[in-house]
Amino acid sequence: MEHHIALELVRITEKAALDSARWTGRGDKNSADQAATTAIRSRLNSVAMDGTVVIGEGEMDEAPMLYIGEKVGNRRGPKIDIAVDPLEGTETVAAGLNDAISVIAAAPEGNLLHAPDIYMEKLAVGPALAGHLSLNDPIETTLAKASSILNKPLSDMTISILDRERHQEQIAALRNAGVRIKLLSHGDVMGAIDAASDSDVDMYIGSGGAPEGVLAAAALKCMGGEMQGRLLPDGIEEFERCKRMGIEDPRRLLTMEDMVGHDNVLFVASGVTPGELLNGVRYLPNQKAETHSVIMHSQNQTISFLRTIHKMPISREIPAEAAM
């Protein structure tokens, strides 16, 4: 992926982070998401690429912009698939919690899974466990294999999972195995990325959004980790929707190559609220603001962090929409 595209895309996620961060703690997730979406959509067409949104805010009849299939870019560059989540963590921002990000992944045309907005069962690991585990195995088998490979007793392992009612059986199995559990209130993408970062998390499991799974897979590809998934269509309508999007067998195991099928993948993200990997937006005196972003390339597995001070008029007041 061309270096200039990475820099242009990170400038876009920075703008989305700056605009959506103004809604932090205001209890209005829709306005936060709208601010991020508008910021990204307003700038994507200036990027030198012939892009197609394969993961966005929804299908054309559900989303007025950044819908699946929408063409973006100025058409004077390479053909690229774009996966975008303008604000991963809308409720996180609304509640003033940690780990909300604005994120874009890109790959050559035809190399990102067109994932419907349904649930996906996931298994995410870092480089040490990549290629050694299977989502098809019972969790007890997976934990035993990971313990042996890492040469770490189960009591020292940490598994992260979203704190959801649907995960109660898995959480009980983890407790019975004696591992440490990191329960996540939100942050499906960052939860998976943590498993391949320098955190204490050894593995991420559970179900979350399928689009977020593809975004996380792009990041893990850049980090040398691995993501496996399985779509969980709820009823015939979602099953047929998967097939319309080109997934012939919606219930088969999806490998990293199925979700991100090229070695030249780009992942960029900017922090909206503070997190372990990225700092959130900080509004500074003298009409300045600070953003913290990451740029990842899969081709050479480089990870670069970017701290930027923006000179711009920023109001500390509640946006006009919130006062109405």
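In β8, S160 has Y204 as its bridge partner. The model is predicted.

Visitor: What makes β6 and β8 a pair?
Guide: Two strands pair if DSSP finds at least two bridges between them. β6 and strand β8 (residues 203–209) have two bridges, in the parallel sense. They therefore count as paired.

Visitor: How do you know that β6 pairs with β7?
Guide: The cut-off is at least two bridges. β6 and strand β7 (residues 180–184) have five bridges, so they pair. The sense is parallel. T158 stands opposite R180 in β7.

Visitor: What makes β6, helix α5 and β7 a right-handed unit?
Guide: Picture the strands pointing away from you. A clockwise path from the first strand over the helix to the second is called right-handed. β6, α5 (residues 168–177) and β7 make such a β-α-β unit.

Visitor: Why is β6 called largely enclosed?
Guide: Buried means under 20% relative accessible area. Five of the five residues of β6 (residues 158–162) are buried, so the rest of the structure largely encloses this strand. T158, S160 and L162 point one way, I159 and I161 the other way, and all are buried.

Visitor: How many helices and strands are there in the protein?
Guide: The protein has 10 helices and 13 strands.

Visitor: Why is the protein called as compact as a globular protein of its length?
Guide: For 324 residues the globule rule gives 20 Å. Of the 324 residues, 55% count as buried.

Methods. Residues are numbered from 1 along each chain as its sequence is written. This is a predicted model: local features need pLDDT of at least 70, side-chain atom pairs count only at pLDDT 80 or more; totals for chains, interfaces and linings use all residues. Side-chain values use heavy atoms; hydrogens and water are left out. Buried means under 20% relative accessible area, exposed over 50%, partly exposed in between (1.4 Å probe, protein chains only). Helices (H or I, at least four residues) and strands (E, at least two) are DSSP runs, numbered from the N terminus. The radius of gyration is taken over C-alpha atoms; the globule rule is 2.2 Å times the number of residues to the power 0.38.
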